[in-house]
Structures are given as structure tokens and as C-alpha cells.
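Me: Hi! Could you walk me through a few side chains and then the main pocket of this one?

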Amino acid sequence: MPTLPFSGNEPHQHRQMAESFGTDAERYDQARPRYPQAMVDRIATGGPGPDVLDVGCGTGIAARQFQRTGRTVLGVEPDARMADVARRLGTEVEVATFEAWDPAGREFDAVIAGQAWHWIDPVAGAAKAARVLRPGARLAAFWNVFRLPADLAEALATVCRRVMPDAPFDFRAVTRGGPDVYQPILAKAADGIREAGAFGEPEQWGFDWEWTYTRDAWLEQIPTQGAFTRLPPAELAEVLEGVGAAIDAMGGSFTMPYTTVVITATRTAVS
């Protein structure tokens, strides 16, 4: 799951989880899904120039996609392990949380955040983005949201409840799936942009696509997801065994419907 909706506390208050993805940064880069080209193109061509700031850039998955459109991308990433992989694969990265990062007077034509904006205080993050965006530039936070097949969703939810009874997640969301589950996170991002007071009205975009996973490919992705990055090996193995058995029962592969959801707004002219 790219993000599980939190019950109780805000996601950005769980920074220890946000900074756990570098545990196996190489696997993260290889296993995590990419973003639809239509979304990348729409964001890349919607600003006044080529300079992009990638907030929480991780291993540079989104950054490289934007670089291939001719954009110049600077990443900001709190985990040095993730940043090292991104640099090796061709993205310039500065190690810091976005809230503490020093822009040193630099300005950008887009601020993007893939799978990351929920780890940032939504108001402080939007205000910081406004500081570094040129008038007419775009802030775009986006998430890959999947909808597991019903049998697989139920198997995952069942094993998670057994292995992780005290986790701060609503595992019912795993069974439901889809963009509606993420509306609280999307609404908080939009409200933060409004409260920053430097943007036009936020918009929500959606891009539908799908991907076929083999059993091994999906089991390779699970350890890179926030709910599982800090699980002890024995408990992770139990999760993988349960999910693997469910995929075997489906014939060894399945097709995953995705929607990439975007919360975006344009920086207004400075008065």
C-alpha cells in the first residue's frame, strides 16, 4: 500500500515511519511503481519554466521521469540512504526535511511530491512551497492509489490484523481500496494549500492505469511500503507467506487497477 490512512494522529506526525524507507533503498527503487506519463507531461508543461523541486524525492523515481521531459530537477530528501541511490541514478539531491531545507534564494517552476506530501505538515509545506515558486508555477502532490482484487485484499487485511494488531492503521482501508479511501489525505493537502494563501484554488486530478504483477513482483514491493518497512523479519515473512498463498490461489499473478491522484494549485502573483 502506498500509504495507509492513519487512525487518530496525522501522518506527518509519524516521521519515524516516513524516514524508514531507506532500510532497503535499492529494493524500493526497483519495486515501486512509476507514474503515468500523461500526469508527468501535464505537470511538466504547466509551469513557466524547466526548474523542478522534488520534495521527498526518495530514490528519484519521479525526478527521473521529469528529467526525461527535459526538466532540471533538484531533490530534497530526509533519508541519506535514499538520496545516495537518487544521486547515483542521476538526480541532484540535498538531504533535509522540507520544513528545515534552506532554498538559499533559489526559485522553481514546479514543486512536486510523489508519495510524500502526507509526511509534511500540510500548511507549513504549502507555505514553504510558495516561498520558492515563481508566479504561475505549480505545486503538485501526487499518490499512486491501488485497488487490490477482493480476495487478495481480504488476505492482506487478515494477516496484517494478526501480525500487526497495534499498528496505527485502518486495515479496513486495504479491503476497500481506491481513491475514496485517500480523500482525507487529499482534503488535508488541499486545505493546507488554501490556508497558505498564496495559491489559486486547488484542483484534484486523476489518472487511471493498471499493472499486472507476478507473485514475486508483488511480494518484492510489500517490504518497501510504509506499513512494513520496520517489521521484524519473522513477522514480515508471515505477511509475505499469507499474501503469496492468496496470489497462488489466483493463478500466480493479478492485474492491479491504479489511479494516480494529484492535488495541485498554481502560485499566484506576488502582490
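Me: Let's start with R34: how accessible is it?
Reply: R34 is partly exposed, with a relative accessibility of 31%; that class lies between buried, under 20% relative accessible area, and exposed, over 50% (1.4 Å probe, protein chains only). Keep in mind that this is a predicted model, where local features need pLDDT of at least 70, side-chain atom pairs count only at pLDDT 80 or more, and totals for chains, interfaces and linings use all residues. Residues are numbered from 1 along each chain as its sequence is written, and side-chain values use heavy atoms, with hydrogens and water left out.

Me: Is D29 buried or exposed?
Reply: D29 counts as buried, because its relative accessibility is 8%. D29 also forms a salt bridge with R64, where the closest N and O atoms are 2.9 Å apart. That pair links distant parts of the chain, with D29 in helix α2 and R64 in helix α4 (residues 61-67), 35 residues apart. Helices are DSSP runs of H or I with at least four residues, strands are E runs of at least two, and both are numbered from the N terminus. R64 is buried, like D29.

Me: What about R32, what does its side chain reach?
Reply: The R32 side chain reaches the backbone oxygen of T224 at 2.8 Å. R32 is buried yet has no salt bridge, and the nearest side chain of opposite charge, D29, is 10 Å away. R32 is found in the loop between α2 and α3 (37-44).

Me: Switching topic: how much space lies in the largest pocket?
Reply: About 240 Å³. A pocket is an open set of points on a 1 Å grid over the protein atoms alone, where a 1.4 Å probe fits, with protein on both sides within 12 Å along at least five of seven lines; lining residues have an atom within 4 Å of a point.

Me: And how many residues line the largest pocket?
Reply: There are 13, and Q30, A31, R32, P33 and W211 lie nearest the centre. The elements giving two or more residues to this lining are α2 (25-31), β6 (203-214) and α10 (215-221).

Me: Last one: how many salt bridges does the count come to?
Reply: The count comes to 15. Among the residues involved, D51, E107, D109 and R134 are linked in a network of salt bridges.

Terms used
Points joined across faces, edges and corners; volume = space filled by probe spheres on them. Lys, Arg positive; Asp, Glu negative; His and termini not counted. Salt bridge = Lys/Arg side-chain N within 4 Å of Asp/Glu carboxyl O. Polar contact = N/O pair within 3.5 Å; in protein donor to acceptor, adjacent residues only side chain to side chain.
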